[in-house]
Amino acid sequence: MTPTVSGGWWLLLAAGVCEVCWAAAIARTQGFTRLWPSVYCAVFIALSLYLLALAMRSLPVGTAYAVWVGVGAVGTALYGMLWLGEAASTPRLVCLVLIVAGVAGLKWFGAEAVAR
């Protein structure tokens, strides 16, 4: 069953959140030498790709992939800033806002392509 376009966006958001989950935990695997952190990463990698594939049933491939990467990148960067003490300088925050603006633009202008 193909999700609606709206449902595709929700699946894509969930896929991006799953990407943040595995990216945030990958350092704890110590090069995939620790079992449980490695299992956690593998589960969230698989879930993220599965949800991305489902979202691509109703969204353009290029748009879905770009948004997925953007959500993962921004979410992981914010995780690092908020919980790992990484620098939250103004230039870094401006760059994250630009990524969010690009993702929003893809959603906004992607609706035209899907409607055709």
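Biologist: Is Phe32 buried, partly exposed or exposed?

Modeller: In this predicted model, Phe32 sits in the loop between α1 and α2. Its relative accessibility is 46%. Buried needs under 20% and exposed needs over 50%, so a value in between has its own class. Phe32 therefore counts as partly exposed.

Biologist: What is the phi of Phe32?

Modeller: Phe32 is a residue other than glycine.

Biologist: Which class does Gln30 fall into, buried or exposed?

Modeller: Gln30 is found in the loop between α1 (5-25) and α2 (35-55). Gln30 has a positive phi of about 50° although it is not a glycine. Its relative accessibility is 52%. The cut-off for exposed is over 50%, so Gln30 counts as exposed.

Biologist: And Thr29, buried or exposed?

Modeller: Thr29 also belongs to the loop between α1 and α2. Its relative accessible area is 1%. Buried means under 20%, so Thr29 is buried.

Biologist: Which residues does Thr29 touch, not counting residues up to four places away in sequence?

Modeller: Thr29 lies in the loop between α1 and α2. Leave out residues up to four places away in sequence. The residues Thr29 then touches are Arg34, Pro37, Ser38 and Cys41.

Biologist: Which residues form the nonpolar patch on the surface?

Modeller: The patch has about 540 Å² of accessible area together. Its members are Leu78, Leu82, Trp83, Leu84 and Leu93.

Biologist: What pattern does the protein follow along the sequence?

Modeller: The secondary structure comes to four helices and zero strands. Read along the sequence, the pattern is α-α-α-α.

Biologist: What share of the residues of the protein count as buried?

Modeller: The C-alpha trace spans about 50 × 40 × 15 Å along its principal axes. The protein has 116 residues. The share that counts as buried is 32%.

Biologist: How much of the accessible surface belongs to carbon and sulfur atoms?

Modeller: The accessible surface of the protein comes to about 7100 Å². The part belonging to carbon and sulfur atoms is 74%.

Methods
Residues are numbered from 1 along each chain as its sequence is written. This is a predicted model: local features need pLDDT of at least 70, side-chain atom pairs count only at pLDDT 80 or more; totals for chains, interfaces and linings use all residues. Side-chain values use heavy atoms; hydrogens and water are left out. Patches are made of residues with over 30% relative accessible area and no salt bridge: like charges are joined within 9 Å, nonpolar side chains (Val, Leu, Ile, Met, Phe, Trp, Tyr) within 5 Å. Accessible areas come from the Shrake-Rupley method with a 1.4 Å probe; for residues, only the protein chains shown count as cover. A salt bridge is a side-chain nitrogen of Lys or Arg within 4 Å of a carboxyl oxygen of Asp or Glu. Helices (H or I, at least four residues) and strands (E, at least two) are DSSP runs, numbered from the N terminus. Buried means under 20% relative accessible area, exposed over 50%, partly exposed in between (1.4 Å probe, protein chains only). Contact means heavy atoms within 4.5 Å.
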